[in-house]
Amino acid sequence: MRMMKSVHKLMLITALLSVVGLGACSAPGNDYSEYHTLPEEGWLYGDTIVFTPDFADSVATGRLVTAITHGNDFRFSSLVLEVLWRDGGGQVCRDTVFFPLADNFGRWQGRGLGPHLQMADTIGRRVTLTRGVPVKVRHIMRTDTLMALSRVGIFFISE
């Protein structure tokens, strides 16, 4: 009888520790996301889109995702963006994001309803962002003005 009580007590302690341990785990989440609508007259080569992350912690590490929305009349089969940010130590970081918008047969690769298609791509390395320090995005295509792009956005997903 005494042995049964010890076994039940051990099982209860193990169950409580498991619940506490699982409660401490949290899945990664979307800590920040924002879109900017581009002007109808086009996105000029020199125009930089500025995003200002605002999340709960002062510094966060995770994945940075860029997203674009374009129309069927976009003239190019791909899009190249430059993303610039400062890491937690103030170091300037820069990455190039390549969006293959159409396949070899000219079929759009993005998803969406109606005339607008959306595509997203993750920057290939872990990123550390500081709340309130801007993330800048600009196109680096070999044209002065990009037409038929409607929105540019970023998402920050904590790890």
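Guide: A nonpolar core is a set of buried Ala, Val, Leu, Ile, Met, Phe, Trp, Tyr and Cys residues joined through side-chain atoms within 4.5 Å. The model discussed here is predicted.

Visitor: Which residues touch the most other members of the largest nonpolar core?

Guide: Trp-43, Leu-64, Leu-79 and Trp-85 do, in a core of 31 residues. Strand 5 (78-86) is among the strands that each supply at least two residues, and its five residues are the largest share.

Visitor: How many aromatic pairs does a search of the whole structure find?

Guide: Three.

Visitor: Why is the pair of Tyr-35 and Phe-155 called edge-to-face?

Guide: The ring centres are 5.8 Å apart, within the 6.5 Å limit, and the planes stand at 85°, over the 60 degrees required, so the pair is edge-to-face. Tyr-35 lies in strand 1 (residues 30-37) and Phe-155 in strand 11 (residues 149-158), so the pair ties together parts 120 residues apart in sequence.

Visitor: Why is Phe-74 counted as buried, and why is Phe-76 counted as partly exposed?

Guide: Phe-74 has a relative accessible area of 5%, under the 20% cut-off, so Phe-74 is buried. Phe-76 has 24%, between 20% and 50%, so Phe-76 is partly exposed. Tyr-35, at 24%, also counts as partly exposed.

Visitor: Which residue lies over the face of Tyr-35?

Guide: Arg-151, at 4.0 Å from the ring centre; the distance limit for a charge over a ring is 6 Å.

Conventions
Residues numbered from 1 in each chain as written. Predicted model: local features only at pLDDT ≥ 70, side-chain atom pairs only at ≥ 80, totals over all residues. Heavy atoms only, no water. Phe/Tyr/Trp six-rings, centres within 6.5 Å; stacked < 30°, edge-to-face > 60°. Helix = DSSP H or I, 4+ residues; strand = E, 2+ residues; numbered from the N terminus. Buried < 20%, exposed > 50% of the residue type's maximum accessible area, 1.4 Å probe, protein only. Lys NZ or Arg CZ within 6 Å of the ring centre and 35° of its normal.
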